[in-house]
Amino acid sequence: MERNQDVVVKVEDLHVNFYNNDRCNKVLRGVSFELKKGKIMCIVGESGCGKSVTANSIMGLLPDLSRIEKGSITFHYQGEDIRIDRLKRKGKEMRKLRGEGMAMIFQDPMTALNPVFTVGYQINEALLYHNGASSRKDATKKSIQLLKEMGIPLPKQRVKEYPHQFSGGMSQRAMIAMAMSCRPKVLIADEPTTALDVTIQAQIFELMLDLKETNDTAILLITHDMGVVAELADDVAVMYMGNIVESGDARAVLTRPSHPYTKALLDSIPVLGRGREQKLEPIKGSTPDPYNRPAGCQFAPRCAYATPECETGMPPESMVEEGHMCRCFHHLRKKEGEAND
Amino acid sequence: MSSLDRKMDKILAREEAGQIKKRMKNRALRKMFANRLSVAGIIIFVVILFMCCAAPLFTPYDATKVDLRSILQPPSAEHILGTDKIGRDIWARILFGGRVSIAVGLGSALIATVLGVSLGTIAGYKGGWLDGIVMKVSEIMMAFPQMILVLILVTITGQSLWNLIFIFSLTGWPSMYRMARSQMLSLREQEYVQALKAFGIGGMRIAFKHILPNAIGPIFVNITLSTAMFILQEAALSFLGLGVPLEVATWGNILNVAQDLTILKQAWWIWLPTGIAVTLFVISINFIGDGLRDATDPSQIG
Amino acid sequence: MTNYVIRKILSLIPMMLVLSFLIYLGIELMPGDAVDFLIPPDALSTMSETQLNEMRESLGLNDPFMVRYVKWLGGVLHGDFGYSLQSGVPVATLMKNHLPATIELTVTALIFSSIFGILFGVISALKKGSILDQMLSVVGMIGVAIPQFLLGLICINAFALHLNLLPVGGRMASMDQNFFERLPYLIMPALVLGFSLTSGVMRYARGSMLDSMGKDYMKTARAKGIPEWRLNLLHGLRAALTPVVVLIGFRLPMLIGGAVVIEEVFQWPGIGALFVDSVRAQNTPLVMMIGFFSVLLVLISSIIVDIVTAALDPRIKLS
């Protein structure tokens, strides 16, 4: 198997099931993608489509009542290929990777920090457990430096404060400081700005772009906001009900969307400046019940181009162009037609 | 880990075969019956309640019948649980005593609930001076350790069955009042209440008809908790000889004789089965209460 | 903090005034002559009717009710709590003699149940669903459902009457014996008294711990890659502790109420046993004063709980 030198994490045909309430929910149904050094990869999709589960699988943070059924997650770290899907989720090896090799930040920074410890203490912990600092004193010094890097004013004083004394934006900066403390190869951001104000959002993204440049970190950004994708992403994957339906270079996917779902997503976004006249096309219907999924293409019931063929099975992957993948029968038919002409 | 894996395989296989369990429509009831402990609680509760209510069906003896020819007899075919110091049948006393103990516990809890909830609903909805006064009174009463307040009131009123019910109801209402009041305070500002007001519906009607039903879950949970507490307190008071007068059979009064060390050591049949009956009954009430709390708590997934 | 404590204590004054009024009302409503408990009973027996009348006049017993109340309150504030009707001993002396035993008993029970309740609750939460967890919850359910005195009786029967390991009851005065000689007398009553609180704390600590373990910050901490034990004990337990401490504070009145019964069961010469005796003998002044002090104790402990909570949780400010 030849490997691109830049690939840090490779996810292949990942299947994950959740087993809550005596029911089985097939959350991920064959997800494949690659994270590359110094690149931002965005996963977009509606809530419940499995984007957070994908992120948690990579971090080994899946809940107890869930299981990786099939597929692999390979993490290229310190010259070795580590199969994350085979590691024990709470085992020592996985623990060493978390925080050191890869780190994660979450949606709501206000609840993601433990309210009873100071921000400094929580950053120190990460440093001390991955030999990032020799002593508590050293750790505190480094924490202050990190907070400063993340653009937090008065870091010397802030390091001694509790999370409730931080604003949302500040908390998220502190979270990023914590995540970056051991200079991980991969940073996973699970909707990092959803809970924040728009102006703060821009600042946080600025910070992430900066991190990408200076540390060569591979960033996996999970979002439901197409605007964010256009702004930040190098690569993008569009998810719907546990499948990646379209993926590839961000510019290619955004300018030449091939999957009806991607098109619909792009059509449903208002564009600032186009005024009242613009026609917004909301996607009709709603996401199906995960326990009662459509038999074939998951999007078929909501798709304007659906044919009986779409109900036979999930369409295979086909290339729209170099590095731009799409899973859609409609697209396949169109391509065949073009070839026949 | 492997047992978890096996369980997951089982669910997966069932799911793939298309067998899904039918679910009960009412969410609260479904959760209640899914909780095995609360079902066990309901069964024990009903069985004990029925046996006490229909006591004559289960024993030929009377709870107060003295038989000096057969005193302190160990369990035998004639007396299943033996007899006490003056020859009364213990089994009969447990059954008939249960009637009084349960009546005191449940009755006081119900009176306290009616009292506390109506005060809480009215005062909580209206607010103002009435609420202020009732709140202060409840604060003072709740500052006392319950047991001490009960004993103080026993000193003032003297001992009798009705006094005890009166005292329990009097000491039990503040917690119900607080609960109902806090529900009122949080719900009366809601928009649907504003809408009802705009329709010109009377205040008390809104309070009792449209707001109170929202608190039905916590109210029932509170009734179970109070019932359990009062039954335990009646037992403790009667054990001290300060509860129901000794000539009335109650669970506490049967246990009273165990203060005598020779009876404690030699006549286990007098106090142990009675103690088990009390404990079992209180456990069953607690199970029901726990089940109710989980079932009516909308924040828990079911 | 001192500021807070002072303000809190000041805010208790109106309540204590109302309470003292009710207590005095209770004493006055008692059948019988008020002189009976205002002067030592031995002096009472030697007095004639006219002397008594003069006494009433000089003691102010013929004054209006409110004046009498204010005088009584003045006495209470100076430590004059009246006399016991049974023995004629000043209430203050009785309290002083019985208080150490009660403090010894309740504080031991409190420490015992806090430590073991939290310990078992946390173990239960960490091993959720295991056999140990199920066993602990069964014990916990029995603990809150069994009448305390019954548990006391069972223990006396087993450990004292049949196994002869521990004394049936009673207490040794602290001046006579050293700690280890007195310990056997303390073990059973303290454990029995603490058992129901232990069960309550255990059940609550388990729930609070499970709650804390499901929080977002636990995921953050796990994503940091810190060891599982540190994750649970430090991040989980530390945040779960505050509600448990509040619960212990709330349950303190029940511990005091329980002490009343347990002291009677084990013949423990504390305030609780004294209280039961006075209730039996309709010794109203003593009953009322003990009631008064129990409320004071509850209110003071609620202030302590506030302070401890604020120390545990940086989000809570004392105000």
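**View 1. Eight bridges tie strand β1 (residues 7-18) of chain A to strand β4 (residues 66-77) of chain A, the two running antiparallel.** This is a predicted model, in which local features need pLDDT of at least 70, side-chain atom pairs count only at pLDDT 80 or more, and totals for chains, interfaces and linings use all residues. Residues are numbered from 1 along each chain as its sequence is written, while chains are lettered from A and ligands numbered from 1 in the order in which they are written. Helices (H or I, at least four residues) and strands (E, at least two) are DSSP runs numbered from the N terminus, and two strands pair if DSSP finds at least two bridges between them. Across from A:Phe18 you'll find A:Ser66 in β4(A). Zoom out a bit and both strands belong to an open, antiparallel sheet of four, ordered β2-β1-β4-β5 (chain A). At the edges sit β2 (25-36) and β5 (80-83) of chain A; each has a single partner strand, so one side of each has no neighbour in the sheet. From one strand to the next, the twist averages 10°; angles run from 0 to 180 degrees between N-to-C directions, with axes as lines fitted to C-alpha atoms, for helices over the stretch in contact.

**View 2. Chain A also has an open sheet of eight strands with mixed pairing, in the order β6-β7-β8-β3-β9-β10-β12-β11.** Here β6 and β11 (318-321) of chain A take the edges; each pairs with a single strand, so one side of each goes without a neighbour in the sheet. Ignoring direction, neighbouring strands are turned by 20° against each other on average. Strand β3 (residues 40-44) of chain A runs parallel to strand β9 (residues 235-240) of chain A, with four bridges joining them. In that pair, A:Cys42 sits opposite A:Val236 in β9(A). Helix α1 (residues 51-59) of chain A packs on the sheet, touching β3, β6, β7, β8 and β9 of chain A, and its direction makes about 150° with that of β7(A). Contact here and below means C-beta atoms, placed from the backbone, within 7 Å. Helix α7 (residues 168-180) of chain A lies across β6 and β7 of chain A, at about 170° to β6(A).

**View 3. Strand β7 (residues 186-190) of chain A is mostly covered, with five of its five residues buried.** Buried means that 20 or more other C-beta atoms lie within 10 Å of the residue's own, exposed means 12 or fewer, and partly exposed is in between, with C-beta atoms placed from the backbone. In a regular strand, side chains alternate between the two faces of the sheet. One partner is strand β6 (residues 102-105) of chain A, parallel to β7(A) and joined by four bridges; A:Ile105 stands opposite A:Ala189. Another is strand β8 (residues 218-223) of chain A, also parallel, with five bridges. There, A:Asp190 has A:Ile222 as its bridge partner.

**View 4. Helix α3 (residues 36-53) of chain B has the length you'd expect: at 1.5 Å a residue its 18 residues should span 26 Å, and its end C-alpha atoms are 26 Å apart.** The expected span is 1.5 Å times one less than the number of residues. Buried in α3(B) are B:Ser38, B:Gly41 and B:Cys52. Down the helix axis, the buried residues of α3(B) fall within an arc of 65°, so they line one face; the arc is that of the directions from the helix axis to the C-beta atoms. On the other side of α3(B), B:Arg36, B:Ile43, B:Val46 and B:Phe50 are exposed. For context, chain B has 14 helices and zero strands, and its C-alpha trace spans about 75 × 65 × 35 Å along its principal axes. Of the 302 residues in chain B, 43% are buried.

**View 5. Where chain B meets chain C, 31 residues from chain B and 37 residues from chain C take part.** On the chain B side, α6 (128-143), α7 (146-157), α11 (216-240), α13 (261-266) and α14 (268-296) each supply at least two residues. The largest share, eight residues, comes from α7(B). By class, this side of chain B has 24 nonpolar, five polar and two charged residues. The nonpolar set is Ala, Val, Leu, Ile, Met, Phe, Trp, Tyr, Cys and Pro; Asp, Glu, Lys and Arg are charged, and the others, Gly among them, are polar.

**View 6. Chain A touches chain B through six residues, which are in contact with four residues of chain B.** The chain A side has two nonpolar, one polar and three charged residues.

Notes: Contact = placed C-beta atoms within 7 Å.
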